[in-house]
Structures are given as C-alpha cells and as structure tokens.
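Work through the exercises below with the sequence and the model open. Each task sentence is followed by a solution in steps.

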Amino acid sequence: MEFARNRDEIFDLSRKASDVILSCKNNTQLKGARMYLKLAEARFDTVVCKTEMESGYILKSINNLNKVFQLQHRKLKVQ
C-alpha cells in the first residue's frame, strides 16, 4: 500500500485503532484491542513510504497507539 494513494485509509486505521482501545471497559475487551492493534501494526508494515515525513508518521502512529494501549491497561488495573 502506498502512503500517498492510501492516506485516508492510513489515517482511518490509526483513528479506529485508537477508538477500539479507548472503548475497552474490561480485560477481555482489552485483549481484543491488543489483537486489533497487532493487526493495525501489520497493516502499517505494508505501507510504502517515499519520504521521511511519511515513514515518521507511521512510526509515530504505532508508538502513540502502543502508549494509548498502555494507558488504558493501567486505567483498567486501577479500577
């Protein structure tokens, strides 16, 4: 998948993965979100980037999604 041609799909994937993680209310849902996150990362790995900005966006998206997951995991632990 080429970044420039599939920009909307890439942005949607990042947004949807974040929405899935943030919607979790228990550990079972969080496990499902983890699988969704792994699938999103695999999809991001198929993106062909031609510039540093594009590859930087992909890396930041993956890192941000992992951080959101960690925060949601901690939030559920505390409750």
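**Exercise 1.** Find which residues Ile-10 touches, not counting residues up to four places away in sequence.

Solution. Step 1: a contact means heavy atoms within 4.5 Å. Step 2: with sequence neighbours up to four places away left out, the partners of Ile-10 are Met-1, Phe-3, Phe-44, Val-47, Tyr-57 and Ile-58.

The model is predicted, so local features need pLDDT of at least 70 and side-chain atom pairs count only at pLDDT 80 or more, while totals for chains, interfaces and linings use all residues. Residues are numbered from 1 along each chain as its sequence is written, and side-chain values use heavy atoms, with hydrogens and water left out.

**Exercise 2.** State which residues touch the most other members of the largest nonpolar core.

Solution. Step 1: a nonpolar core is a set of buried Ala, Val, Leu, Ile, Met, Phe, Trp, Tyr and Cys residues joined through side-chain atoms within 4.5 Å. Buried means under 20% relative accessible area, exposed over 50%, and partly exposed in between (1.4 Å probe, protein chains only). Step 2: the largest such core has 17 residues, and Ile-10, Phe-44 and Ile-58 touch the most other members. Step 3: two or more residues of this core come from each of α1 (7–22), α2 (27–45) and α3 (52–78). Step 4: across the protein, buried residues make up 28% of the 79 residues.

**Exercise 3.** Give the order of the elements along the sequence.

Solution. Step 1: helices (H or I, at least four residues) and strands (E, at least two) are DSSP runs, numbered from the N terminus. Step 2: there are three helices and zero strands, in the pattern α-α-α. Step 3: the C-alpha trace spans about 45 × 15 × 15 Å along its principal axes.

**Exercise 4.** Are α1 and α3 roughly parallel or roughly antiparallel?

Solution. Step 1: axes are lines fitted to C-alpha atoms, for helices over the stretch in contact, and angles run from 0 to 180 degrees between N-to-C directions. Step 2: the α1 and α3 axes come within 9 Å and cross at roughly 10 degrees. Step 3: angles under 35 degrees count as roughly parallel, over 145 as roughly antiparallel, 65 to 115 as roughly perpendicular and the rest as oblique. Therefore α1 and α3 are roughly parallel. Step 4: by class, this contact has ten nonpolar, four polar and no charged residues. Here Ala, Val, Leu, Ile, Met, Phe, Trp, Tyr, Cys and Pro count as nonpolar, Asp, Glu, Lys and Arg as charged, and the others, Gly among them, as polar.

**Exercise 5.** Repeat the analysis for α2 and α3, which pack with their axes 11 Å apart.

Solution. Step 1: the angle between α2 and α3 is about 175 degrees. Step 2: α2 is therefore roughly antiparallel to α3. Step 3: the contact includes Leu-30, Arg-34 and Phe-44 of α2 and Ile-58, Leu-65 and His-73 of α3. Step 4: its residues divide into nine nonpolar, five polar and two charged.

**Exercise 6.** How many disulfides does a search of the whole structure find?

Solution. Step 1: a disulfide is a pair of cysteine sulfur atoms within 2.5 Å. Step 2: the search finds zero. Step 3: for the accessibility of two cysteines, Cys-24 is buried at a relative accessible area of 4%, and Cys-49 is partly exposed at 27%.
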